[in-house]
Amino acid sequence: MQGAPPLVEINNLSKVYGSFEAVKDITLSVSAGKIFALLGPNGAGKTTTIRMLMGILVPTSGTARIDGLDCFQDRVEVKRRVGYLPDEPVFYDYLRGSEVIRFSGEMHGLTRQELGTRTESLITRLELGDALEEFAVNYSKGMKKKLALVCAMLHDPALLILDEPTNGLDPFATRVLHELIREKAATGKTIFFSTHLLDQAEKLCSQIAIVAKGRLAAHGTLEELRARVSSDSSLEEIFFSVAGESNSGSTP
Amino acid sequence: MIDSRPVSFVQALRLMAWLAVRRQINRWQSLQLGRRKTDPSKRTGTAPKSTGRSIYSVFLLGILLFNGFNLASQGLGRLGALANNVHASANKIAISAYTRQKLVETEAALKQVRQLPDAEERQKYIGLWDRYLDQILQNEVSRESLSEDEEAAKLQRMHDAFNQQGSEAFSVEFGSHLYSGGDTWPRSGAPALTFQNTLGLLVLTFVPMFVCLWLGMNNKDLGQVEWSFEWLYGFPVSTRALLASRLFVYSVFNPPVWMFIFPFLIMVYFTAGCGFAAIPLGLAATLYLSGLAGSATMLLEVLLRKFLSLSQLKNLQALFTVLGTIFLLLYLASLFSQPLEAFLVGQAKELPASFTWNPLSFYLLLGAPHSNPAEAMTVGALMAVIAFGTAAVALFFAEFFIREGLLKSSGPYQGIRRQKTATQSAGWLSGVAANEMILLRRDRNLLVQVLVSPLIVVAYYFLVNSSMISSATGNFHHAATMAFVIGSYVLMSSAMPVLTRENKTLWQLMTFPRELSSILVEKTQVWAVFALLYAGTILLVLAHFNHHLHPSALLDAFLALYGVGLYAFIAAGIGIMGTNALETEVRARFRPEMVYLYMILVAMYAVTIYTPSVWSKFAQVVLSTLLAYALWQKVKDVSPYLLDPAEKPARALSLADGMMAALAFFVLQGLLGFFFSQSTSMPLAMQVVLTYVIAGFLVFVLCLAIFSSQKIPHVWQSVGLSRAPGTVMPIGKAVVIGLAYGGAAALGAMIYLHVVDLVPQWHIWKQDAEMSALLRRADNPLWICGLAVIAAPLFEEFIFRGLVFQGLRRSTGPFWAVLASAALFAMVHPPFSVIPVFGLGIATALSFQRSGFLLAPILTHATYNACVIFLNH
């Protein structure tokens, strides 16, 4: 995989609202088959970056590319390759879970038979089976996340973008999610997720980026980050030192 | 040591009341006055407090209150008059005083005339007076809005009555004053009782109306998983205090009650002659009624929530809304619908005096003209007793039922884990269409709004205006118009909110590999089909009852159906452009001005179905189609940016610009023409050409100014004023192309003129044609010809080819762009020259397409004009 171009390329990406800089000059790249974590405190710009990757927001400057396609201009093609799990999924009133899955599948061009085979194992592993006949709006928070996860993985995308994926999941579901992430990465899919759970990032990821106040504070593998601070610190200590620097305004 | 202190009953009441008031004020203050995108650097969607908005809300409330008084006053006046008439003219026909006077004179005159000796003279005078009589009776009958058949019947009846009994068969009806005064309530005797009973009947609807409306769909959180009462229940306040304060809030803090019923009751007491005492009396009565309704609502709310599942509850809510709306409409209709008023008064006449003593109506007795203080005090006391008694009973039962828990079961499953039913219901719809249909089936609120409300509104209009039925079945133009209007009304609640309904689920639509605008188009198609079914059914039903069908009926039917389909897209387009997708507060998402715009457009189209002129029908169809297309071009531009608060789509040349330029051109022509015709005495031909040229020039300059100020990229090239870099089209070649196409168009015109000459019947049409007539009569100075040949084409080509054609080309292929721009171009020319001008439009568009430079179509047009002018000499 050395010579392959990175799947996700973000170059000097910025999003500015008036005088407020939500995201400023972020440059990252993620190669295929890697698990990438975007860490940062609340309000750092993680969700804004992810939304720019999904074409929901338009970058003020800079580019974001997935598989060589611009995330905004070619967003329709990009979405074929991407599965998205938002932080707080909201579903239609009056639709059952099974119907939400069917609708998502049909919108990705899958027939009902294909859908059935793809989602069966996933639904069993996530223990969603019982609840699928209930209206999705009545689900608890964790169940909504699980349903959204199924919808994101339906079309077996090359890149999974997960925004705070384990937020609201119970320990069983969290473990299943971690297993799923590792399995997907092993088959060559790429995972890009944002979190503020540092131990989760430490366990799963090959590459980490730390953002604070809209800027990239640090970027690289865990070893590279350790080298910046001191040799044996946990990610937590690295985070506080790096993000703390940014928070107090000094440049990294 | 606990820090939380117990709260007394009264304090709890006060706090809950404050909560309700505060929420209502916040809601009023969030009224969006204009398109103000919330400043995205502040991450908040909450509107700041502003005195301006508060004043506006108060002003609105004032207007509504005033309307309430107005409506009540007029309605009561009419009811009073009716009450009097019903008794006065038991067997007699009621007519106006003037008519009666005339009838008396006629009777006397006829008596004299019959005694004339000469038979011939007698016949003559009798005939004269008969015709006079006919006229008077006709005038009298046409005062009411009756259908033709009813009018004829009544006229016949009047004639017979006059022939039999003379003027004794008629009695003077009590006129209803425009505004009721202190004496509208009849003072004594049977009319007083009738009036009282009528009011008693009317107010029966109030309490059920309140209860239904408060429990209906407006009560948004009743059917939600998160119920606000459940949240309040978590505070350390006694259940009794909570329930009582809920009751109190329902009774007292309900703006619709104060806007509609309070003025009505004040007017009732006012018409009884109570003067200013009417206000406290009205207040007491309103509080009494809303107290009853509040108790019932509070109890029902608790019971329903406890014993029904959420989806059953939502169904019931929809039913309540329908019932509540029916009651409200009945109340409003009885204030200005003559048949309903007559019905009410007729029924009231038969009722005994004790009818008014029922608990829903007896407070009216406070105002009865012959009431004595003792009776008034009894009534007052009874009111207090009943109100507090009902409240106490409601509280008792509510507490009783929730003593073992507020809810039957907790959690969203409500204790039912359903077995996996045989899913995979094989519907033949898939994707977006299937989704919309599932949501429609299950969302009872939406179902009621889309299916039932139009029916209720139509029934209401029939009730108020009884001649509508006869006109709809008598004249297919009316029927087709009605079908179109009803279809458009259905669209207003189904297609227009197509984006507003998405609310927070838009994110999921944006994860699919499809352009959001194409998903929205598909949704609109679903609703278009739906509305078409509605309109189609109505058309068939009305056609069945229509006895005189004409072949033009087919055209009307087609227009109506095409209109409904097209307006689905217009409604959705307007709705999408008017929705702020980022706004979470549902009420503030949608700008209400969009509804008015839509209604105006519907009215314009409806008028063209109604008029017999084929030309205006054609024009309207072309215009509406282009409008829909221009709207959706904008939608496609805007839809990727819907969820981004800061970015906007790049400004590009759109069809909308072209259409606005064409409209401005038209309007300016009209204004200038009017100006010239009033102020100067130039010959007509000169005036016409000058208005043409000046209007064109003004639009040209204005467009250039606007475009350069908006910094549209490549605007000069897209408009054709400069050549795109890289195209090596020498000017000479452009000139040749232009002339060639112009020649072709002129040839077409010549052929057309010859063909018209061949058919003698069409000559008259040709005589009316402006251009040839004017030029034949005019003096023809050379410079006028020059202007017509050179200047007019310049500006017209800029507008129709540079703007309209290019705007279309941005989104569609050359074929449709050429046709549509040629159609629009043809429409603004006089009817005679439509066909050759259409050909000219095609030719100029093609020459523009080939050369990319405005010079070519200008030459085409100039050639054509020159040939036509030359030919006509």
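**Domains, chains and helix pairs**

Modeller: Let us start with two domains. In this predicted model, the C-alpha centres of domain 2 and domain 3 of chain B lie 36 Å apart.

Biologist: Into which domains is chain B divided?

Modeller: Go along the chain by residue number. Domain 1 covers 90-172 and domain 2 covers 189-401. Domain 3 covers 425-646, and the list ends with domain 4, at 650-873.

Biologist: What area is buried between domain 2 of chain B and domain 3 of chain B?

Modeller: Begin with the contacts. 13 residues of domain 2 of chain B touch nine residues of domain 3 of chain B. Carbon and sulfur atoms give 75% of the area buried there. The total is about 1,100 Å².

Biologist: Which three residues supply 16% of the area that chain B buries against chain A?

Modeller: Take the whole interface before its parts. Here 50 residues of chain B are in contact with 47 residues of chain A. The two chains bury about 4,500 Å² between them, 57% of it on carbon and sulfur atoms. The trio that supplies more than any other three residues on the chain B side is Arg442(B), Trp507(B) and Pro513(B).

Biologist: Are α18(B) and α23(B) roughly parallel or roughly antiparallel to each other?

Modeller: Look at the angle. Helix α18 (residues 476-494) and helix α23 (residues 593-610) of chain B pack at about 160 degrees, with axes 9 Å apart. Angles over 145 degrees count as roughly antiparallel. Therefore α18(B) and α23(B) are roughly antiparallel.

Biologist: What is α10(B) to α11(B), oblique or roughly antiparallel?

Modeller: Use the angle again. Helix α10 (residues 255-271) and helix α11 (residues 278-307) of chain B pack at about 130 degrees, with axes 8 Å apart. Roughly antiparallel needs an angle over 145 degrees. So α10(B) is oblique to α11(B).

Biologist: How many nonpolar residues are in the contact of α10(B) with α11(B)?

Modeller: Trp258(B), Phe262(B) and Ile266(B) are among those on α10(B), and Leu283(B), Leu287(B) and Leu289(B) are among those on α11(B). Three residues of this contact are polar and no charged ones occur. The nonpolar count is 14.

Note on methods: Residues are numbered from 1 along each chain as its sequence is written. Chains are lettered from A and ligands numbered from 1 in the order in which they are written. This is a predicted model: local features need pLDDT of at least 70, side-chain atom pairs count only at pLDDT 80 or more; totals for chains, interfaces and linings use all residues. Side-chain values use heavy atoms; hydrogens and water are left out. Axes are lines fitted to C-alpha atoms, for helices over the stretch in contact, and angles run from 0 to 180 degrees between N-to-C directions. Helices (H or I, at least four residues) and strands (E, at least two) are DSSP runs, numbered from the N terminus. Angles under 35 degrees count as roughly parallel, over 145 as roughly antiparallel, 65 to 115 as roughly perpendicular and the rest as oblique. Domain bounds come from an automatic or database domain assignment. Contact means heavy atoms within 4.5 Å. Buried area is the accessible area (1.4 Å probe) that two parts lose on being put together, summed over both. Ala, Val, Leu, Ile, Met, Phe, Trp, Tyr, Cys and Pro count as nonpolar, Asp, Glu, Lys and Arg as charged, and the others, Gly among them, as polar.
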